[in-house]
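The following note sets out, in numbered points, what can be read from the coordinates. Please consider it alongside the sequence and the model.

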Amino acid sequence: MTVSAVENGVSGMRCYTRPMPSTNVSSCWRIALPLPLPRLFDYLPPAGIGPDAGWVGCRVRVPFGKGERIGHVEAIGEPAEDAPELRRAFAVLDREPLLHGELLASLRWCARYYHAPLGEVIATALPAVLRDGEPLPETCAYGWLLTEAGQTGLAGLRRNTRTRALAERIAHAAVDESILADAGDGWRAAARALERRGYAQRVALPGGMSGIGGVSAHELNPSQREAVAAVLAARDRFAPLLLEGVTGSGKTEVYLEAIADCLARGRQALVLVPEIGLTPQMLRRFRARLGVPIHALHSGLSDGERARAWTSMWRGEGRVLVGTRSAIFTPLPEAGLIVVDEEHDASYKQHEGVRYHARDLALLRGKALGVPVLLGSATPSLESLQHALAGRYAHLRLRQRAGAAQPPGVRVHDVRGRALVGGLSPEAFDAIAATLARGEQALVFRNRRGYAPVLLCHDCGWSARCARCDAATQGVAMTVHGGGRTLMCHHCGARRPAPRACPDCGGLALVPQGQGTERVEEALAERFPDALLLRVDRGTTRLRDGLERHLAELGERPGILVGTQMLAKGHDLPNLTLVCVVGIDEGLFSADFRAPEKLAQLLIQVAGRGGRAGKPGSVLLQTHHPDHPLLATLLAGGYPAFAALELAQREAAGLPPFGFLALLRAEAARAAAVDEFLARARDAFGSADPSVSIHGPLPAPMPRRAGRARAQLHVASRHRPALQAAMQAWIERLYSLPSARKVRWSLDVDPVDLY
Ligand code: ADP
Ligand code: ZN
Ligand code: ZN
């Protein structure tokens, strides 16, 4: 096709025109717009452009209401007979389709499966810069190289400085900026200093150029070799493989080996990791082993960086992309492998907008692309495990820790009747003291941030509640923070100073009840005044890199880490030998059917942090319910025994993975509006299929949050296609309900949380 670029005066964006081929003049473009409406919008192409199918997948700028939107040409169509006169699109923004082939087909599938408008799915899939209609960014990689003047002057540079070290590194060949960045933040200032003297220059690197690495750090053990062989045997077709191996069993080494093979065959690899799993440490390990630039995609990057990573894969230049949830929408024109690390992790499920599950989409895309999908976990989701047990997924197992590491010894510690200080028993304090005395590190895990979960008046029983939130039967307690000075609601974020006196009786006996990480930290600081103490939770560590930095600061020095589940993953801590788990009892009695699975996974992940490098680790699990079946089963038979028991119960109850669920959630300022909508929605359901059932309206587990009333309908079936068919018919009726306009509603297929 012949294409010419013209500058568009209105927005300054580039747009393209093509000579008009001879097509039916009454044809129009069906355009997907990012709007919560289940339909496409018809437009005429801009003047001088024909509506031919070559434009499908291109971005367009169209008038909408009084403003304008960026959308995608989804199809060519005929306007309806009675349609009002169509408006013309302003401009086409792409020279060739941005979305096409497998990715476009997968996005359409995603829209159908999650019953989300295609325009919203596309907006979710694209990096912000491209969603906003900007041109594809330049994706060339840059590196630094010493000039001739630099070669001559090198010897004159002061020794033991950053500048000298950098000059030596880039003396013989250009080094990629992303690789230089691994060495720390200071490299750029050093590079600029060299540049000012004419000693160094920034040079464009040919795509896919190799940096360092290419060597496997270890000889694989037999189970690892078997796992790698299974992935390689499935090279050129879709094959789901579940790699089950405890933390430290060498799963990452298996991924790296399989990715190296993929690269050797000229293919691209996509690696998904959980929010917290994508550490600079991990990226360094990938770069060092694979010797190609590793593109990263996560929320900590700038919009420009995200767009560059995406585009580099789109152009087929990027070879490996490691990213969090939304990276599942990365184009893979030369796909060879998809890896999902910690596949059970809840962060793969999107909780707003298009509620997709990145692991499920990984399987879908693997199938469409005809490549293996490797799911790794120490504690697989019951969904994936059931597929493996039923023989639908290959089940690869790494039964032992790699290298010399020993599995930790776990002890359930009955604390009934014990005197607890900051939630810790005397035995726990002793174990920590002994660990410090050996020069090792201890981790105290408490999955509750803040100082204390409740502020109670000892005189009259009043407790501080959030004015805007309610749980099922009562108000929501505000968490005490700042050593007792502040109250905060963890559900809506409301904050206020803690009262000095009880608002009900005026008494002064206000006491924080229970333990949060701050209070555990306080008790430890009192008992071990000289020990290095580090608290890690969302209060202290907002950024991914923050956690890294904190842990690097600690290094291998003896000390104590206190924290929430943020500590369950990430950075390797070779000197950590004791894990104390405090107060998991709330999790044993939750109403959510997934709570036991989540608790078991969390316990195993946390326990797995101890004893990784040759030193034996131990785990002390404090509880008031030492005989609880979950703990007993986990202890006796590990995760497989727990999973078998839990799967049997799910099967008996028809719950996932043996049944399928969808949730219709609604919320509004007025409870009556929510009730009205859900009642009408239920009336509109009308599926005659006996295998599909609808339940509710049910109050949400939190019937009021941030001042808004919330309730839901549950739809269930033992057959996924039956559920899908029922939803498809239902959703169209939902959009046309007048009561739907008075609430905020959303549909969640395969919900992970029932909140
Ligand atoms: P996982 O991803 O299962 O947690 P890793 O691949 O990170 O496990 O391996 C855990 C540790 O064991 C790492 O320090 C890694 O370098 C080391 N390791 C992995 N495979 C081997 C092996 N075959 N021999 C010796 N050490 C290994
Ligand atoms: Zn009182
Ligand atoms: Zn609240």
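1. Strand pairing at Ala 662. In this predicted model, Ala 662 stands opposite Val 749 in strand S34; helices (H or I, at least four residues) and strands (E, at least two) are DSSP runs, numbered from the N terminus. Ala 662 also stands opposite Val 715 in S33. Strand S31 is joined to S34 (residues 744–749) by six bridges, and the two run antiparallel. Nine bridges join S31 to S33 (residues 708–717), again in antiparallel fashion. Two strands are taken to pair if DSSP finds at least two bridges between them.

2. Basis of the values. The model is a predicted one, in which local features need pLDDT of at least 70 and side-chain atom pairs count only at pLDDT 80 or more, while totals for chains, interfaces and linings use all residues; side-chain values use heavy atoms, with hydrogens and water left out. Residues are numbered from 1 along each chain as its sequence is written, and chains are lettered from A and ligands numbered from 1 in the order in which they are written.

3. Burial of S31. Strand S31 (residues 660–668) is largely enclosed by the rest of the structure, because nine of its nine residues are buried. Buried means under 20% relative accessible area, exposed over 50%, and partly exposed in between (1.4 Å probe, protein chains only). In a regular strand the side chains alternate between the two faces of the sheet. Here Phe 660, Ala 662, Leu 664, Ala 666 and Ala 668 are buried on one side, and Leu 661, Leu 663, Arg 665 and Glu 667 are buried on the other.

4. Domain division. The protein chain is divided into domain 1 (4–131), domain 2 (142–204), domain 3 (222–398), domain 4 (409–448 + 516–652), domain 5 (454–513) and domain 6 (660–749). These bounds come from an automatic or database domain assignment. The C-alpha centres of domain 3 and domain 5 are 44 Å apart.

5. Nonpolar cores. The largest nonpolar core has 98 residues, and those with the most contacts inside it are Trp 29, Leu 272, Ile 328, Tyr 356, Leu 561 and Val 581. Helix H19 (residues 629–653) gives the most to this core, with seven residues. Apart from it lies another core, of 33 residues, among them Leu 243, Val 292, Ile 294 and Ala 296. A nonpolar core is a set of buried Ala, Val, Leu, Ile, Met, Phe, Trp, Tyr and Cys residues joined through side-chain atoms within 4.5 Å.

6. Surroundings of Leu 561. With neighbours within four places in sequence left aside, Leu 561 is in contact (heavy atoms within 4.5 Å) with residues including Ala 442, Val 444, Leu 534, Val 536 and Leu 573.

7. Helix H13. Six of the eight residues of H13 (residues 382–389) are buried, namely Leu 382, Glu 383, Ser 384, Leu 385, Gln 386 and Ala 388. Their cover includes strand S11 (239–245), helix H12 (358–369), helix H18 (595–607) and H19. Just after H13, Gly 391 takes a positive phi of about 85°.

8. Zinc ion (ligand 2). Its protein donors are Cys 457 (SG), Cys 460 (SG), Cys 502 (SG) and Cys 505 (SG), lying 2.2 to 2.4 Å from the ion. Donors are N, O and S atoms within 2.8 Å of the metal (3.2 Å for Na, K and Ca); water is not among the atoms, so sites may look incomplete. The four donor atoms subtend angles of 106 to 113°, which makes the arrangement tetrahedral; for four donors, this label requires all angles to lie between 85 and 135 degrees. The spacing along the chain is C-x2-C-x41-C-x2-C. Cys 457 is buried, with a relative accessible area of 1%, whereas Cys 505 is partly exposed, with 40%.

9. Zinc ion (ligand 3). Cys 466 (SG), Cys 469 (SG), Cys 489 (SG) and Cys 492 (SG) are the protein donors, lying 2.3 Å from the ion. The site is tetrahedral, with angles of 105 to 114° among its four donor atoms, and the donors follow the spacing C-x2-C-x19-C-x2-C. Cys 489 lies in the loop between strand S24 (486–488) and S25 and counts as buried at 1% relative accessibility. The C-alpha atoms of Cys 489 and Val 476, 13 residues apart along the chain, are separated by 7.8 Å.

Technical notes: Tetrahedral: all angles 85-135°; square planar, octahedral: opposite > 155°, others 65-115°.
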